Amino acid sequence: MTTFRGFATLNFFADDVAAAARWYAEVFGAQPYFERPGPDGRPAYIEFRIGDLEAEFGIISSAYRPPAGDLPGGAIMHWAVDDLDGTVARLIGLGATEYLPVQVRGDGFVTASVVDPFGNVLGVMTNVHYLDMLGRTGSPAAV
């Protein structure tokens, strides 16, 4: 039986990986820790380690995107944030556009999503289970 052990990597696509890396460096307040050039020498893939659990976030050149049309969609992975409204406003201020507005999904669960300047859907949320988990295991940053 296969056991899902947790989020390992989230990959987004961008026509200009370097521009996407700069944008997300501003969003995350961190620089990528890994870069792989493509055949033309320009970045084809970059990775960040983000958040309490140092989740891996990669940006891949759109040249490697599987065919799926030009519209954003598919699965939305939500990042836990402390200030949902402030985060959404900041993302929009940095050039993202609203995809799904802030929506209360239940007690302690509020979501929103934007489309980044590169056509990817980026979800953010407040989530009481995430905070409970951190309380049980301790934040890796505090260990």
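Q: Before we look at anything in detail, what counts as a strand here?
A: A strand is a DSSP run of at least two residues marked E, and strands are numbered from the N terminus. In this predicted model, strand E7 covers residues 109-115, and Thr 111 sits in it.

Q: How many helices and strands does the protein chain have in total?
A: Count three helices and eight strands. Going along the sequence, they come in the order β-α-β-β-β-β-α-β-β-β-α.

Q: Back to Thr 111: is it buried or exposed?
A: The idea is to look at relative accessible area, with anything under 20% called buried. Thr 111 comes out at 8%, so it goes in the buried class. Across the protein chain, buried residues account for 35% of the 143 residues.

Q: Which residues does Thr 111 touch, if we skip those up to four places away in sequence?
A: You'll find His 78, Leu 84, Pro 101, Val 102, Gln 103, Arg 105, Val 124 and Met 125 around Thr 111. With Arg 105 there is also a polar contact between the side chains, at 2.9 Å.

Q: And Asn 11, where does that one belong?
A: Look in strand E1, residues 9-14.

Q: Which residues is Asn 11 in contact with, leaving aside neighbours within four places in sequence?
A: Tyr 45, Gly 58 and Ile 60. Take Tyr 45: it lies 34 residues from Asn 11 along the chain, and their C-alpha atoms are 9.4 Å apart. Their side chains are joined by a polar contact of 3.4 Å.

Q: Zooming out, what share of the contacts with a separation of 6 or more comes from residues 24 or more positions apart?
A: For the protein chain, that share is 52%.

Q: How do I read a pocket, and how much space lies in the largest pocket?
A: Rolling a probe the size of a water molecule over the atoms shows where empty space is left. Here the largest pocket holds about 770 Å³. Helix H1 (17-28), strand E5 (78-80), helix H2 (84-93), strand E8 (121-127) and helix H3 (128-137) each give two or more residues to its lining.

Q: Which residues lie nearest the centre of the largest pocket?
A: Of the 27 lining residues, those are Gly 51, Trp 79, Ala 80, Val 81 and Tyr 130. By type, the lining splits into 18 nonpolar, six polar and three charged residues.

Technical notes. Residues numbered from 1 in each chain as written. Predicted model: local features only at pLDDT ≥ 70, side-chain atom pairs only at ≥ 80, totals over all residues. Heavy atoms only, no water. Helix = DSSP H or I, 4+ residues; strand = E, 2+ residues; numbered from the N terminus. Buried < 20%, exposed > 50% of the residue type's maximum accessible area, 1.4 Å probe, protein only. Contact = heavy atoms within 4.5 Å. Polar contact = N/O pair within 3.5 Å; in protein donor to acceptor, adjacent residues only side chain to side chain. 1 Å grid on protein atoms, 1.4 Å probe; cavity = no way out; pocket = protein on both sides within 12 Å on 5 of 7 lines; lining within 4 Å. Points joined across faces, edges and corners; volume = space filled by probe spheres on them. Nonpolar A, V, L, I, M, F, W, Y, C, P; charged D, E, K, R; others polar.
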